[in-house]
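Try each task before you read its solution.

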Amino acid sequence: MTRVKAVILAAGKGTRMKSELPKVIHEALGKPMVEYSIEAAQGAGAELSDICLVVGHGADQVKKTVGDKVTYVIQEEQLGTGHAVKCASEFIGTDGLTMILCGDTPLIKGETLKKLVDTHIEEGNAITVLTAVVDDPTGYGRIIKDSWGKFVKIVEQKDATLEEQRVDEINSGMYIFNSDILTTALSQLNNNNKQGEYYLTDTIEIVKSQGLGEVSTMVINDVDETKGVNSPEQLREAEEILKRRGTER
């Protein structure tokens, strides 16, 4: 059995939530949002001991809420997604596979992540990006592919040409990497950009440019699963979807 680890990004302050609570411990149907991500990671085959939360803002509150069932690393400064994952380099190591998940996506299902793991292994990829096809891709990173349908790159909205902006396949912000390749790419990340941040998507560029392995995508069936929660309104929307799911079972 291939070992599956999960790094869950849970360091954000969540200013738009208009609350002192760290964003990921806001509750959806009485359960902290981050717990949904932890359960989904378990559903994909990760043991609790192989799940790591990257915490920052309100780290002690998050630890107190979630408890000592998972591993924690601290991101002292918020310097981008790449920096957050870099903080967990020791945890990632070189063994097995590592999923990168978000602590504010309570709608992601374990069965979807399990399918992502299986697809990654079957296709022999170095990186598999979880994507979605949406009606309105505004604000999301676009998945650019060549005429053969092979992955080329992820382009952020602000950097996309008009043609690229018309692409309706978007990056969910969730990925699975071969751990050794992720560790290699993280060691080469830099923050030579306008924001001075380390972007996780730059690891994809590193892997592709150095021919370290195949990068591919898996399109999610249910777009709702990729929805992140950044405001009280989005939290209510997520709760409505979770309630619907409960009645559909």
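A residue is called buried when its relative accessible area is under 20%, exposed when it is over 50%, and partly exposed in between, with a 1.4 Å probe and protein chains only. The model is predicted, so local features need pLDDT of at least 70 and side-chain atom pairs count only at pLDDT 80 or more, while totals for chains, interfaces and linings use all residues. Residues are numbered from 1 along each chain as its sequence is written, and side-chain values use heavy atoms, with hydrogens and water left out.

**Exercise 1. The cysteines**

Task: Find how many disulfides the model has, and decide whether Cys-87 is buried, partly exposed or exposed.

Solution: Begin with the general idea that a disulfide is a covalent bond between the sulfur atoms of two cysteines. The rule applied here asks for a pair of cysteine sulfur atoms within 2.5 Å, and by this rule the count is zero. Cys-87 is in no disulfide, since the nearest cysteine sulfur, that of Cys-52, lies 9.5 Å away. For Cys-102 the closest cysteine sulfur is also in Cys-52, at 14 Å, which is too far for a bond. Turning to accessibility, Cys-87 has a value of 26% and therefore counts as partly exposed, whereas Cys-102, at 15%, counts as buried.

**Exercise 2. Strand S1**

Task: Determine how many residues of strand S1 (residues 4–10) are buried, and which residue of S6 is the bridge partner of Val-7.

Solution: Strands are DSSP runs of E with at least two residues, helices are runs of H or I with at least four, and both are numbered from the N terminus. Seven of the seven residues of S1 are buried, so the strand is largely enclosed by the rest of the structure. On one side these are Val-4, Ala-6, Ile-8 and Ala-10, and on the other Lys-5, Val-7 and Leu-9. Two strands pair if DSSP finds at least two bridges between them. S1 pairs in the parallel sense with S6 (residues 97–102) over six bridges, where Ile-100 is the partner of Val-7. S1 also pairs in the parallel sense with S4 (residues 51–55), over five bridges, and there Leu-9 stands opposite Val-54.

**Exercise 3. Helices H7 and H8**

Task: Identify which residues of H7 meet which residues of H8.

Solution: Contact means heavy atoms within 4.5 Å. By this test, Ile-181, Ala-185 and Leu-186 in H7 meet Thr-203, Ile-206 and Val-207 in H8. The buried residues of H8 include Thr-203, Ile-206 and Val-207.
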